[in-house]
Every structure is written in structure tokens, then in C-alpha cells.
Amino acid sequence: MIKTILGKIRYSWKMLTTVFTCFFGISLFFICSSIPQNFFAHFLHVDPSYTGGLVCADFINSSDDGSPLLRYTVHEPVTNARWQQSAEYWQLDLEFKDKSPAFKNINISIDEDFELQLTDTEGKLYDNSGNLICNTEYYKLENGSLIKIRIPLKDKRVQKLLGAKQTIHYVLLDDYAPLTIEASMKAHKKSKKEEAKNKAYIQHVKELYAEKQFSLMTQIQIPQGKTTDENLSYFKDKINTNQDDFVSLAYYGFWLAVKGGESSVMKAVALVNEAYTYLDKAAELAAGKEGEIDVLLNRASVSASVPEQFFGKAAVGAEDFMRIVSITENETLKAYSYVMAYECYQKCGKETQAILDLQEAQKMVQYQ
Amino acid sequence: MISSLILSAMMAFIVLFFVVLMHNFAPAAILYALFLMFLFIRMTFAENKKMGSGVIYRRIFQTVFAVGFCIAFIADLIAERGSMSITSEAMSNSELPFCHIAIPQVLVPLLVTKNIIFPARISGHYASVASMILIWLVCTLTVGRGWCSWICFYGGWEEGFSHVAKKPRIKLLPKNKELREFHFGFMFFIILASLCELACIYCEWFCPFKLVTEFSPVNSIPSLIATIMFVGLFIGLVIVLPILTKKRTQCSSLCPFGAFASLTDRFSIFQMKIDSDKCSGCMKCASICPFSAIDIKTIQEKKGHPEITCAKCGECVSVCPNKAISYEFRFNMKKSSCSCGHHKNPPKTAAVRVFQQLLHPANLFRFAAFSFAVIMSSDFMIKSLNLIAGLFGGRK
């Protein structure tokens, strides 16, 4: 008797999970897939031989010296690489601040034994007497803002790099001030402490901003303690009175997105798409005018919050936050914008920009 | 009738969300949504009228998807790289799209080296490693190897070619067992070779679909050999043999993902069931099975289910004169004497009958597989529809 009841319960449970999985589970998985995907991605890495080798030195140029060079990365030498042009190579990356940067020549002196000469189209490696050792693999990526150099390690003179513990790179780009980078030739793991410290810092800036948020808004009286629908009708009335009231347009768009967040998935997509029509129109009308910060802040906040997989707005959000940085005088808002831009850039895979923004934020607001 | 209407309405929601809403009501999205709904409604109503008669709509979908996928994929490659050939830039920047066929080749090396031996993006891309592995995991737990016959964006080529001729010129039925043994043997060889070389060997040397997607430039003797091999395999296994045998020969003899999905299919919810009491042994199912999953022995020994390589395409259901083959829940297969299955209880009221029809394994399987197909295909198909419209001077 008990066995039969237990059997029926077990069967019912199996049926219930099966029915739920087939009717809703697959769709739900695709809707929420970015969450498990990001979690899963933390544990997966492409074999370093395909990606240029592990990073052993990473220099980010955050100074305002006018140099177009943003980042200089030295990788561990790679051996036995598959599917690559050279099975043994050593990769150096140069990332620039702008797309297609204007430079004539880059000379990189390595340990005073080698000189790497880069032009706009090719890279050549010479010894200290000026004799050509080899041509390098030269890849111009990301619309010219990233140059990857792969030095083949076939030549015996270059092979001594395989056993080196440290190399010193002296980077000379046209007439700009030279950079000296000491690079260990062994990769180090990213410090978890550093990551935790960054997380705590970001939280601190967000809290600081949340405390002062309302005092920053000067353009419009925001209705307080009202529901989303009440806010929507409040701003809708304002838009009906003046269709070019960009601040109200932005707030209306913002609240539409908030409503999207409170609605079913189906409705949410439609509401967020609708929200952007208002937010974009508001940003267009507000450009260069007083109140632009309010408008951009609304659009950027929505862009930072909506799922990147569906809407792909992280890059727009980061640009809006950077625009806020350039027009506001408020230090807290600047720091908050940098931190939010950091998160947006990370979402869309622009790691260098993200690191730079976090560094800038740390200059604005200190945190122990 | 009512159950078909309910299923169609539920599918309409999925199509509306993933195809129409996600593409902001673009004309191509609306057109594709209508096509999908036409297929699903016709399939569901046909199946409810006569079991197995809706199988033609699956064939149409898979063939159209395979062609549409290749159009969109090649167009993307040409826009990005100027040709279908893999560039050193794409390779050095880990930008090769990762497809499901690479999964069995990367899993064992992943366990050993903790690295993915494929130069693809890990996440944040439509063909990234994390997303494809997750999709495979969910697929394994739901439709299992049904992926090959319902969702696979390459399978449609063979599906299409295997229905060109009316009758098979070569009969593979007596060689089914050998074919399966070769398939699994080849998969283990590929996995082992990939582990030894720390590179995806099937992708490098064998994959015939490089002809309709991307391939390495021919600039050395090994690359020339690889090119001859993939062109030969495409012509032989994807075009000629499917026409001559009316079977999906590449899927059932070479594809390492197919063999791997067969092994992991035991974790899926659904399985095909052969009712030995109803079976008259006519062997029509064995003759038509495109995956060589039913042998003479399967029927003679009354195994009660097809062999391990079954891809749940439903072709056997459509030809069985005695309705002896059906979709079944795997948890019902284990205890064949179970009397608690809904289908064993005769419906007392119309409402119960509708409810039972809705929860019928065939309906649930078709709904799950078609949901997958809708979601996986929408981006590619809308892109290729826009491209086709552009070619004929229409609006993009």
C-alpha cells in the first residue's frame, strides 16, 4: 500500500518536472542563460598556446603624456602550439587609446640584445648590431587599436629568451617619452585579494553615491514614495504638456524600464525596447544642454542593468557614463560614473578600458 | 483537436518572444515566425490525426535551417574576413566559432589539462564555448540525441539529400551493426587523438561541413590533404551516399558528436518504444531509419526499443503499420509493467482526454525539440532572410 502511494508520488513528481521542463524549462534556460554562462565561463580557459601564452607582464599607461599607447602586454613564450603559424613563439601586445592610431615607428629594445621595429604594417626583429633576425607575425586587430606581435623562436639567437627569467623592454613610440617595462618571463596568477578589494571599493562608491543621489539631481522634482505606474503617469503628463521636455522623457523611459523589470519576460522585452525610444530621444534633445547629466544618468543606469545578452547596451552605457564624467564637476558622481563604466566595459569585454576607469575612480574616492 | 490548439498557442508564445519580440518586429522575423507556426500547427494537427504523419514538417524545418544557417554564417565570415578561409588574425584572437561537434573532442583534454583546446571565445558570443556546452547539457537532459534530427544546423543537408531519391540504391540495413561499431570506434579514436595532440583532430582533418562554413587556407601539403579530405567527405557522406542509401550517413558513421550524444542519451527524458506485442516484424521501420538504429535483430530479439544511435526523428513511427512504435518517457521504459502511466488509463471525460493528450510523451518531446529549434534558428534564419531580400532588391 505504502509502496504504491510512494510509487505514485514519485511518478507524479517525475511527470511534473518533465512537463515543466518541456513546456517552460527550455525557454527559461535561454532567457536566463547569461547567468550560468558567466558562472561557467569563470572555470573555462582557452589553452594559452592558442591565445598567445599566459600574461607575465601587463603595463597600463594611465598618464596624460599624450602617448597613444594604452597598454603593453608581455606573454610567456609558447612552445608546441597547434594550429598557429609558428609552433614556438613569443607574443607582445600593444593596445592604443584610439582606433587606427597615428604613429610612424615603434622601436622596442629588449634586454639591449634585440630591437623590434614596428611600422604600420609589419614588424621586424634585429640583433644589437642591426642585423635582421626574422620577420614577426603582425596582427592588427580591433580596428587597428590592438597590435599583436608574435616573434618566432626558430632562430637560435632568440631561443635564449625561453630560458630568461626577466626581460627589460624599452618602448619608444615616435617622439613620445619612452617607457621602460620590466617583465618577468613567468606568469603569475591573478590575486584573489586584489579582486576582493576591487569589489569592496565598487560597493563603497555605489553606497556613497546612493547617499548623495538626490542632492545631485537638480533639474527636476522627482516624485517620492510613488509607485512605478504613478511615476509613469506623472512623467507622461509632463511629456504631454511639452513633448521636448527631455528630462521628463528620460525619466519616463527610465520608469518604463523599471516597469519592465517588474513584469513578465515577454512584457519586459517590449517595455525595455519602448523605454529606449524615449531615452534615446531624450539624449538627442539634451546634448550639450543643462540637464544632460540627468538624461544620460537615466539611460546609462538602464543600460547597465538590462541583460547584456538580450539588449547589448553595456557599451552604450559605458559611453554615457564617460560623457557624464566629462561634463560633471561633482567628484562623487564622477567616481560613481567611472565605477559604473568599469562594470559596463567588463560586461562587453573591454578589459583595458575597464581597468583604466577603475584606476580613475580610485583617484577620485579613496577607500581603505 | 483542443490539445493541438493549446500546444500551438503555447508554441506561439515562444515564437512571439524569441523570434518576433527579440528582433523588434522586423519583417523578416514576422515572416519566419509565420513559417515556424505553420510548420508546428501542421505537425501537431497531423500527428493528432494520424501518429507519425507530421514527420515531414521536421524534415522541412531541418533542411531549411541548414541552408539558412550556412547563408547567414558565410555572410558573416565574408563581412568579417573577406572570405570563408580562417585567417591568422582570427586564430590569434581566439575568434573561431565553437560548434557542438567540437564538444566530445574538448571534454577529455579539458579534464586533463583544465584548458579548452580550441581557439574560440569562452563567453559573450553566439558561438562561445560556455554557451555551446551549456546548450548541449540542457539538450542532453531533455531531448537527448533528438538534437541530431531536430536541431542540428548541419544535419539538414543530409536530411534534404536523403529524400532526393524515391528508393534506396544501396541497402545498408545488413551493415547497421558494423556501421555503429565504426561510428563509436571512430569517436574514440578522435577523442584519443585530440587528447594526444591537444587539438581538435576531427575539426582539423575530417569535418565535411568546413565546405559550407569555414576552412583553413590551402598553403601547405597538410592543408591540401585536409582540404581534399573534407571536400571528399562532404561529397561522399553528405551528398552521394545519403541520396543512394536514403540514410544520414555522415551523422551515423562519422560525426563524433552524434556518437557522443548516443552515449549520453541515457540521461534524456525520452526514448522510442517498440511494442513487441503489436510488432508484426515487417521491418519497414528498420528500412526507413536514417540513423541505422533498428536492425533485424532489434525486432527479432524483441528488445522493445531501437539501438543506442536512435535520434528520435519519428520516421519509424510514421511507417509502422501497426502503430507499434511510439515516444515514451524513459522512466516508464524501465518498468514496462507499470500501470500508473497516463496513457494506460482510458479517459473518463473530455477534459481528462485533452489533459492526457497534452502530456503524451510524443507531444511533450515534439514541443521541447521544436522550442529548441525555434530558439537556435531564429537569429540565423532572420539574418539569411534579410540577405536574400537584399539580393532581390528588397528592404533589409
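First, the conventions. Residues are numbered from 1 along each chain as its sequence is written, and chains are lettered from A and ligands numbered from 1 in the order in which they are written. As the model is predicted, local features need pLDDT of at least 70 and side-chain atom pairs count only at pLDDT 80 or more, while totals for chains, interfaces and linings use all residues.

I begin with chain B. Its secondary structure comes to 19 helices and two strands; helices (H or I, at least four residues) and strands (E, at least two) are DSSP runs, numbered from the N terminus. The radius of gyration of chain B is 21 Å, close to the 21 Å of the globule rule for 396 residues, so chain B is as compact as a globular protein of that length. That radius is taken over C-alpha atoms, and the globule rule is 2.2 Å times the number of residues to the power 0.38. Along its principal axes, the C-alpha trace of chain B spans about 70 × 50 × 45 Å.

Of the 396 residues in chain B, 48% are buried. A residue is buried if 20 or more other C-beta atoms lie within 10 Å of its own, exposed if 12 or fewer, and partly exposed in between, with C-beta atoms placed from the backbone. Among the contacts in chain B with a separation of 6 or more, 72% are made by residues 24 or more positions apart. Two residues are in contact if their C-beta atoms, placed from the backbone, lie within 7 Å.

The domain assignment divides chain B into domain 1 (1-84 + 352-396), domain 2 (88-269) and domain 3 (270-333); such bounds come from an automatic or database domain assignment. The centres of domain 1 and domain 2 of chain B, taken over C-alpha atoms, are separated by 23 Å. In their contact, 20 residues of domain 1 of chain B meet 21 residues of domain 2 of chain B. On the domain 1 side, helix 3 (55-81) and helix 19 of chain B each supply at least two residues, and helix 3 of chain B gives the most, with twelve. By class, that side divides into 14 nonpolar, two polar and four charged residues. Here Ala, Val, Leu, Ile, Met, Phe, Trp, Tyr, Cys and Pro count as nonpolar, Asp, Glu, Lys and Arg as charged, and the others, Gly among them, as polar.

I turn to chain A. Its assignment gives domain 1 (48-184) and domain 2 (192-364), whose centres, over C-alpha atoms, are 39 Å apart. Five residues from domain 1 of chain A and four residues from domain 2 of chain A form the contact. The domain 1 side of that contact has two nonpolar, one polar and two charged residues.

Chain A contains an open, antiparallel sheet of five strands in the order 1-2-3-9-8. Two strands pair if DSSP finds at least two bridges between them. Strand 1 and strand 8 (137-141) of chain A are the edges, each pairing on one side only. Neighbouring strands in this sheet are turned by 15° against each other on average, direction ignored. Helix 13 (residues 351-364) of chain A packs on the sheet, touching strand 1, strand 2 and strand 3 of chain A, and its direction makes about 55° with that of strand 1. Axes are lines fitted to C-alpha atoms, for helices over the stretch in contact, and angles run from 0 to 180 degrees between N-to-C directions.

Consider strand 2 (residues 69-75) of chain A, where seven of its seven residues are buried.

Three bridges join strand 6 (residues 123-127) of chain A to strand 7, among them the pair A:Leu125 and A:Cys134.

Finally, the contact between the chains. Chain B and chain A contribute 42 residues each. On the chain B side, helix 1 (2-20), helix 4 (88-92), helix 6 (129-141) and helix 19 (361-391) each supply at least two residues, and the largest share, six residues, comes from helix 19 of chain B. By class, the chain B side has 28 nonpolar, twelve polar and two charged residues.
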